[in-house]
Amino acid sequence: MADEVFDLIVLGAGPGGYVGAIRAAQLGLKVAVIESRPTLGGVCLNEGCIPSKALLDSSEHFALARDKFDMHGIEIPAPKLNLAKMMARKEGVVGDLTGGVAFLFKKNKVSWIKGHGRLLGAAADGLQQVEVTGKNAGVVKGKNILLATGGKVAQVPGITIDNEVIIDNVGALSLQQVPEHLVVVGAGYIGLELGSVWLRLGAKVSVVEMLPKMLPKSDGDTTQALQRSMKKQGMTFHMGTRVDNIQVAGGKATLTLSKGDKTQEVVCDKVLMSIGRKPNMEGLGASEIGVELDERGCVKVDDNYATTVPGIYAIGDLIPGPMLAHKASEEAVVFVERLVGKNSQVHYGTIPGVCYTWPEVASVGKTEEQLQEEGIPVKVGKFNFVGNGRARAMAETEGFVKILAHAENGQVLGVHIFGPRASDMIAEAVAVMSYGGTAHDIGAMFHGHPTLSEAVKEAALDVDGAAVHC
């Protein structure tokens with residue numbers, strides 16, 4: 001390894017790192033990835049996006065069998081939960097996908113250097129050096145270094161995550177039994193999704209959020225509808241509430257909460273800390289060699305993802321912007337393609353966001369509140385799933401599609417969906433917005449009947465008051 005020189009060395013094998021490595025290899029570069037985990041895929045595949053969605057789907061099936069089969073004329077005994085089997089299925093899904101990434105590495109001749117990488121700076125010959133500790137210990141040299149180590153859970157000062165009583169997302173994905181009472185601290189995407197899993201499986205779930213609104217950067221109508229829905233499902237909310245203290249004793253946690261001048265204590269057996277994530281710069285040696293960070297701890301980069309040190313680049317959760325796997329992947333591809341001279345771009349204005357509760361929330365572009373603050377004239381089209389034939393047939397009529405279009409030229413500026421399979425339907429909005437399309441464009445396009453996506457067409461028609469089914 002000491003004698004090899006790579007065109008690109010990637011630190012981190014998450015959805016940014018491994019995608020960038022594979023694309024670089026496809027473009028003819030000699031690539032190495034330094035990753036200390038025993039499996040590839042980073043947080044997303046191992047303990048984030050994929051295992052959480054596996055449990056979300058399993059818990060949705062359980063809730064359907066328990067609560068909704070009867071309305072479809074399917075009469076069965078009350079379902080029994082085999083949590084160990086559900087967890088084993090989740091691990092199987094993770095194993096299949098991480099193994100798939102390892103296969104792609106071999107197929108594309110990407111070298112996996114197993115260990116933790118630390119930047120040493122440039123050698124006398126101008127090549128960047130990375131010290132590796134772990135299984136493949138040594139020093140590796142490369143012409144370019146891509147930092148793609150992702151994010152990690154943000155900690156609350158004075159509160160220790162032991163993953164026994166006070167847990168993080170990893171602990172919440174690995175519980176051996178359903179909690180009696182789970183308190184989720186933080187009403188963001190991760191907290192609401194994991195809270196939904198355990199709520200469906202029988203836990204009492206309470207959410208504590210310091211801000212007055214869940215998913216604070218999301219459309220107001222959408223978040224209000226989601227909160228109403230989650231309340232109907234049995235989730236309890238303490239909004240605008242601060243956690244002052246958590247005491248653990250006898251396998252229980254006692255939280256002291258305050259809202260204004262009022263305080264209360266809540267006792268539970270599990271506390272999920274989910275207040276957000278921050279860049280994972282631990283042990284990289286980046287600051288020591290001159291890589292500059294901003295006031296939020298993100299790596300400063302230019303339009304080509306170059307840091308303040310020549311030959312070192314950064315993408316994904318390490319740099320400003322939403323901490324989303326698909327953002328990291330797109331940045332990785334664009335970085336590599338620019339490295340070899342292509343004129344690639346990331347369309348930051350059309351990054352979709354999804355909260356995989358049920359019903360789901362998906363959005364792209366600006367919110368109505370943002371457009372009002374910016375003084376942009378806007379027309380709003382809205383269509384409720386209760387008027388959609390396929391939603392009726394599925395008995396999934398909760399929610400709506402909301403389209404925000406420029407009042408003067410009709411260009412779509414934002415789309416917000418709360419409803420069944422919103423995560424899939426948002427792709428149409430991303431495509432239209434990526435090409436500067438209008439609400440009229442969506443309304444004039446064919447949408448198969450009967451499909452949930454007809455709600456998108458109707459909302460687009462409603463921008464000009466032309467919706468038929470509302």
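The legends below describe several close-up views of one predicted model.

The model is predicted, so local features need pLDDT of at least 70 and side-chain atom pairs count only at pLDDT 80 or more, whereas totals for chains, interfaces and linings use all residues. Residues are numbered from 1 along each chain as its sequence is written, and side-chain values use heavy atoms, with hydrogens and water left out.

**View 1**
Helices (H or I, at least four residues) and strands (E, at least two) are DSSP runs, numbered from the N terminus. Strand E2 (residues 31-35) is largely enclosed by the rest of the structure, because five of its five residues are buried; buried means under 20% relative accessible area, exposed over 50%, and partly exposed in between, with a 1.4 Å probe and protein chains only. Val31, Val33 and Glu35 are buried on one side of E2, and Ala32 and Ile34 are buried on the other. Two strands pair if DSSP finds at least two bridges between them. Strand E1 (residues 5-11) pairs with E2 in the parallel sense over four bridges, and Leu8 has Val31 as its bridge partner in E2. Between E1 and E2 the chain passes through helix H1 (residues 17-26), and this β-α-β crossover is right-handed; that is, with the strands pointing away from the viewer, the path from the first strand over the helix to the second runs clockwise. E2 is also joined by four bridges to strand E3 (residues 111-114), and these two run parallel. Here the bridge partner of Ile34 is Ile113 in E3.

**View 1. Strand E6 and its neighbours.**
Six bridges pair E1 with strand E6 (residues 138-147) in the parallel sense, and Leu11 stands opposite Leu147 in E6. Strand E5 (residues 128-133) runs antiparallel to E6 and is joined to it by five bridges, with Val132 opposite Gly138 in E6. E5 and E6 form a hairpin with four residues between them, and Gly134 in the turn has a positive phi of about 125°. Leu146 stands opposite Tyr313 in E17.

How many aromatic pairs does the structure hold? It holds two aromatic pairs; rings of Phe, Tyr and Trp (its six-membered ring) pair if their centres lie within 6.5 Å, and planes under 30 degrees apart count as stacked, over 60 as edge-to-face and the rest as tilted. One of them joins Tyr313 and Phe335, whose ring centres are 4.8 Å apart and whose planes stand at 50°, so the pair is tilted. Because Tyr313 lies in strand E17 (residues 312-314) and Phe335 in helix H8 (residues 325-339), the pair ties together parts that are 22 residues apart in sequence. Tyr313 is buried, with a relative accessible area of 13%, and Phe335 is buried at 1% relative accessibility. A charge sits over a ring if NZ of Lys or CZ of Arg is within 6 Å of the ring centre and within 35 degrees of the ring normal. The charged end of Lys30 sits over the ring of Phe6, 5.3 Å from its centre, and Lys114 lies over the face of Trp112, at 4.5 Å from the ring centre.

The expected span of a helix is 1.5 Å times one less than its number of residues. Helix H4 (residues 83-107) has 25 residues and reaches 36 Å from its first C-alpha to its last, close to the 36 Å expected at 1.5 Å a residue. Its buried residues include Leu83, Met87, Val94 and Phe105. Among the elements that cover the buried residues of H4 are H1, E2, E3 and helix H6 (189-200), where contact means heavy atoms within 4.5 Å. Lys109, which follows H4, has a positive phi near 60°. The end C-alpha atoms of H6 are 17 Å apart, which agrees with the 16 Å that its twelve residues should span at 1.5 Å a residue. H6 is mostly covered, as ten of its twelve residues are buried; Trp198 and Arg200 are among them. Just after H6, Gly202 takes a positive phi of about 120°.

Ala395 is placed in the loop between helix H10 (389-394) and E21. Is Ala395 buried or partly exposed? At 27% relative accessibility, Ala395 counts as partly exposed. Ala395 touches Lys68, Met71 and His72, not counting residues up to four places away in sequence.
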